[in-house]
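Dear colleague,

Please find below the structure that I am handing over to you.

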Amino acid sequence: MEDFDVIVIGAGPAGEVAAGRLAAAGLSTVIVESELAGGECSYWACMPSKALLRPVDLAGEVGRVTGLRLAGPIDAGAVLARRDAVVSQYDDAGQARWLDSAGVTLVRGAGRLAGPRRVEVTTADGGVRTLVANHAVVLATGSRSVIPPVAGLAAAGPWTNREATGARAIPERLVVIGGGVVACEMAQAMRGLGSREVTMLVRGGDLLTRMEPFAGEMVARSLADQGVDIRTHESAEKVERPEPGGEVTVRLASGGTVRADEILVAAGRRSATDDLGLASVGLPESRPVEVDDSMRATGVADGWLYAVGDVNGRALLTHMGKYQARAASDVIVARVRGEADDRPGMRDRADRAGAPQVVFTDPQVCAVGRTEAQARAEGFDVRVVEHDMEQVAGGYLLGEGYRGKAKAVVDERRRVLLGVTFVAPGAAELLHAATIAVTSEVTLDDLWHAVPSYPTVSEVWLRLLEAYGL
Ligand SMILES: Cc1cc2nc3c(=O)[nH]c(=O)nc-3n(C[C@H](O)[C@H](O)[C@H](O)COP(=O)(O)OP(=O)(O)OC[C@H]3O[C@@H](n4cnc5c(N)ncnc54)[C@H](O)[C@@H]3O)c2cc1C
Ligand SMILES: NC(=O)c1ccc[n+]([C@@H]2O[C@H](COP(=O)([O-])OP(=O)(O)OC[C@H]3O[C@@H](n4cnc5c(N)ncnc54)[C@H](O)[C@@H]3O)[C@@H](O)[C@H]2O)c1
């Protein structure tokens, strides 16, 4: 039996941030990892997907600038090699060194709760190590892809985010199940990198349904212009792949058939809580771990269990998992020291207000706070202002055919922003200004004095305020 002040299970971004901060505060900290330190984000999600999308994005930009022209198609082989470098050739030695330098003990194996403050780790050789926490256990086990129960789908060996972001070659023909973030980003990447046919099967009528409706519409238009075949109100009824790795045939609910070389399932994710021993501490299995705003698991006596990142289901985003990890670790340290545990940084308020997110399609979708529909459903006195971003000098200058749209959702009672969405090429870096305004509840009258430079796309802020009537 080995004892530590805190045990963290899962060394993805959320777990690593929690462990690093706890160790920096002087608590003896162990982190348990069953695969690669760095987690889904580093090897099979954020990092490789953005490495694949970056050249596609830039090619789109070049295509809009008069006088510039790509010399030929994107060199997909070089892009895949660059992706391999971005994921450190799927080797976590660098992350392990960082943990070591931060004073965190890394234990490799699958962690499982075995009663209060006790974790059993099954190691690669089949051995079991028992760890005991003096103060707290932090669950940071992330999430896994959902494979819908479509006949023949699981047996067809579909791609999930792992195989798509880790592709060894670009498939000639790809069929994608889903219309969410992974589906849109990967459809864009594969088409841009050379797939001849990309077909998206979208259950409902729209893409990116958690965003403002115009976001999904603009991304759909752009994907269609690039040759992606988007089939809305369509789903796979049966999947056949007689030869492993051979052609896939998808029978559609509407009666048709799509044939492809690969099938990507991008139908959402579920918290990685199977086989985590949650029942041993009285929590339901196979569900997100419910937490309060200090990230403490609800319903666990003595409050020693915390959950950060995808595993708690609050916001499946790396930056939000890391934000939650900072709150949880500071709270744990304060509670160990007997200090106030409710200082300003110690409670999650950003998730409730609407986490910021960028979808790295062309155009990029950047949103923070509530959508108009959410704000109305929550009973706010809502007013909406919108502006087309190509009408801003900075946008117009970015290229021929540049199109963008901004929308702000205003709380009329307080004259503050409840949410902002930008959909435009290269808009990602615009988002943080909106995040500051929404989070800090800056009044529109104060925003008026934040003068955007000419001629930048940020002048859209001025246009939104003018549209409001300032
Ligand atoms: C294709 C794709 C692209 C994405 N792009 C973005 C993006 O651009 N920006 C963004 O913010 N988010 C993005 N996300 C979401 C992002 O990847 C996740 O929100 C993030 O990885 C969550 O971090 P985490 O630390 O909670 O979990 P994870 O990154 O999933 O890490 C969890 C870790 O826990 C380990 N683990 C699990 N169970 C055990 C166990 N029992 N014992 C020991 N170890 C265990 C796992 O091996 C893993 O290393 C993307 C997701 C996908 C699928
Ligand atoms: N740039 C980013 O920030 C980024 C990029 C990728 C992923 N992510 C995160 O990862 C998470 C997972 O992404 P995702 O795209 O897998 O999920 P998602 O929830 O965004 O989209 C899931 C899609 O699958 C569809 N779907 C669900 N069940 C289905 C079924 N049975 N049959 C057919 N279609 C079905 C949904 O209608 C939806 O279109 C997201 O919550 C997102 O926040 C973030």
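Domain 1 (2–44 + 87–144 + 270–350) and domain 2 (154–267) each contribute at least three residues to the shell around ligand 1; the domain bounds come from an automatic or database domain assignment. This is a predicted model, in which local features need pLDDT of at least 70 and side-chain atom pairs count only at pLDDT 80 or more, while totals for chains, interfaces and linings use all residues. Residues are numbered from 1 along each chain as its sequence is written, and chains are lettered from A and ligands numbered from 1 in the order in which they are written.

Ligand 1 is surrounded by 37 residues, the closest being Gly10, Gly12, Gly39, Gly142 and Gly309 (a residue is near a molecule if its C-beta atom, placed from the backbone, lies within 6 Å of it). Two or more residues of this shell come from each of several elements, including helix H1 (13–24), strand E2 (29–33), helix H3 (46–64) and helix H9 (318–337). Helices (H or I, at least four residues) and strands (E, at least two) are DSSP runs, numbered from the N terminus. By residue class, the shell around ligand 1 holds 16 nonpolar, 16 polar and five charged residues. Here Ala, Val, Leu, Ile, Met, Phe, Trp, Tyr, Cys and Pro count as nonpolar, Asp, Glu, Lys and Arg as charged, and the others, Gly among them, as polar.

Around ligand 2 there are 22 residues, with Pro148, Gly178, Gly179, Gly180 and Val182 the closest. They comprise 12 nonpolar, seven polar and three charged residues.

H7 is mostly covered, with 12 of its 12 residues buried (20 or more other C-beta atoms within 10 Å of the residue's own, C-beta atoms being placed from the backbone). Among the buried residues are Glu185 and Arg191. The end C-alpha atoms of H7 are 16 Å apart, which agrees with the 16 Å that its 12 residues should span at 1.5 Å a residue; the expected span is 1.5 Å times one less than the number of residues. Just after H7, glycine 194 has a positive phi of about 125°.

Besides domains 1 and 2, the division gives domain 3 (363–468). The C-alpha centres of domain 1 and domain 3 are 36 Å apart.

With kind regards
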